[in-house]
Amino acid sequence: MNIRTLYIKPHFVTATISVFQLMFFLFFIVCSVSIRASNLPAPQTPLNFKQFSSRTGSQLCDETSVVIQDHDEFVWIGTRLGLNRYDGYSIKTYKNDIKHPHLFTSADIKCIADDEKGHLWFGTFTGLNRMDKHTGKVKQYHFDNRGGSDYINSVLCYNEGNVWVGNENGISVYDRQTDRFDLLRGHNIPTVGVKSMMKDSRGNIWVGTRQNGVYKYNIRDRRWYHLPQVNQINSVQVVFEDSHHQIWIGSWGCGVCLLKNPYDENGKQKIVVMNTGNSGIGSNFINTIAENPNDHTLWIGTTEGLSVRRKEGTFV
């Protein structure tokens with residue numbers, strides 16, 4: 001993942017945030033995370049945070065699942081009670097209500113992605129939604145009748161209108177001509193619960209699954225590869241690429257793995273496991289991973305708070 005600077009331009013005011021700050025909007029602004037601030041490495045550029053929660057009078061739900069910044073430079077926040085757009089000034093909420101009881105498949109938003117055609121795609125436990133950001137019109141998609149699952153964990157938009165949806169039965173791919181999704185099947189293609197999808201700096205797609213490890217789609221030869229087992233239960237919650245093009249894998253119960261030789265497709269990848277037993281990481285249950293672009297420390301969000309991995313390999 002290339003670290004870049006993103007700009008929020010709310011009318012006449014310009015605010016600057018980094019991808020790193022955006023990723024941890026989830027932890028520092030709307031969630032309660034227990035960290036020892038005095039132990040964290042001091043960033044070269046101060047990180048200033050403004051809190052939006054029920055405690056500060058905001059209508060934003062405190063239980064936040066996902067935060068992204070779209071191509072139009074708005075920040076979108078998915079919560080248990082709906083979808084929210086932050087423009088640098090205020091938060092606007094979109095959700096099912098008395099006038100529109102079936103606007104979304106569910107108000108419990110689990111994943112968000114935006115494409116280059118002005119659409120926002122967001123998944124719930126009962127289907128997928130596509131919203132036209134200019135008109136507010138919403139279309140719902142369901143997968144149960146096409147071999148997939150309405151339990152949506154991940155959405156990935158890339159290149160020209162390609163949309164992949166990770167659900168409990170694998171990956172469903174959007175067909176623009178028919179305006180529907182088809183379940184992927186074939187050699188080495190995941191057929192179990194997909195938890196995360198990531199496009200790396202080479203254009204490859206990495207897929208993390210609930211209990212069947214990591215898959216990679218090589219964009220050059222159009223082939224799928226199933227990587228060796230990454231931990232005891234082969235659980236993958238998140239896949240992340242840092243600025244040195246190293247691949248990190250966060251699991252649900254087995255800590256973090258560093259995948260060495262990630263592009264060796266002959267099965268010679270080496271897995272370096274970091275967990276509560278052999279490192280200072282706070283928990284083995286990983287929610288998300290991001291990198292501080294100032295000092296290249298790795299910031300890992302867990303169920304027990306935030307763990308920071310220094311460049312020399314130690315955790316605080």
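Is Lys 133 buried or exposed? Hold that thought for a moment.

First, the ground rules. This is a predicted model, where local features need pLDDT of at least 70, side-chain atom pairs count only at pLDDT 80 or more, and totals for chains, interfaces and linings use all residues. Residues are numbered from 1 along each chain as its sequence is written, and side-chain values use heavy atoms, with hydrogens and water left out.

Now the lysine. Lys 133 is buried, at 15% relative accessibility. Buried means under 20% relative accessible area, exposed over 50%, partly exposed in between, with a 1.4 Å probe and protein chains only. Lys 133 sits in the loop between β9 and β10. Strands here are DSSP runs of E, at least two residues, and helices are runs of H or I, at least four, both numbered from the N terminus.

What does the Lys 133 side chain reach? It makes a polar contact of 3.2 Å with the side chain of Asp 70. The side chain of Asp 72 is also a partner, at 3.2 Å. A polar contact is a pair of N or O atoms within 3.5 Å; within protein, one must be able to donate a hydrogen and the other to accept it, and residues adjacent in sequence count only if both atoms are side-chain atoms. Setting aside residues up to four places away in sequence, Lys 133 also touches others, including His 71, Trp 76, Asp 114 and His 119. Contact means heavy atoms within 4.5 Å.

Next, the sheet around that loop. Four strands form an open antiparallel sheet, in the order β7-β8-β9-β10. β7 (111-114) and β10 (138-141) are the edges, each with a single partner strand, so one side of each has no neighbour in the sheet. Neighbouring strands are turned by 20° against each other on average, direction ignored. For such angles, axes are lines fitted to C-alpha atoms, for helices over the stretch in contact, and angles run from 0 to 180 degrees between N-to-C directions.

Two strands pair if DSSP finds at least two bridges between them. Thr 124 stands opposite Gly 127 in β9.

Thr 124 has another partner. Its side chain makes a polar contact of 2.8 Å with that of Thr 105. Thr 105 lies in the loop between β6 (91-94) and β7. Thr 105 is buried, at 17% relative accessible area. Beyond four places in sequence, Thr 105 is in contact with Gly 127, Leu 128 and Gln 140, among others.

On to β11. All 7 of the 7 residues of β11 (residues 152-158) are buried, so the strand is largely enclosed by the rest of the structure. β11 pairs antiparallel with β12 (residues 162-167) over 6 bridges. The two form a hairpin with 3 residues between them, and Asn 159 in the turn has a positive phi of about 50°. Cys 157 has Val 163 in β12 as its bridge partner.

Cysteines, then. Cys 157 counts as buried, at 18% relative accessibility. Cys 254 is in no disulfide; the nearest cysteine sulfur, that of Cys 257, is 7.7 Å away. A disulfide is a pair of cysteine sulfur atoms within 2.5 Å. By that rule the count is 0.

Last, the overall numbers. The protein has 2 helices and 25 strands. Buried residues make up 51% of its 316 residues. Of contacts between residues at least 6 apart in sequence, 43% join residues at least 24 apart.
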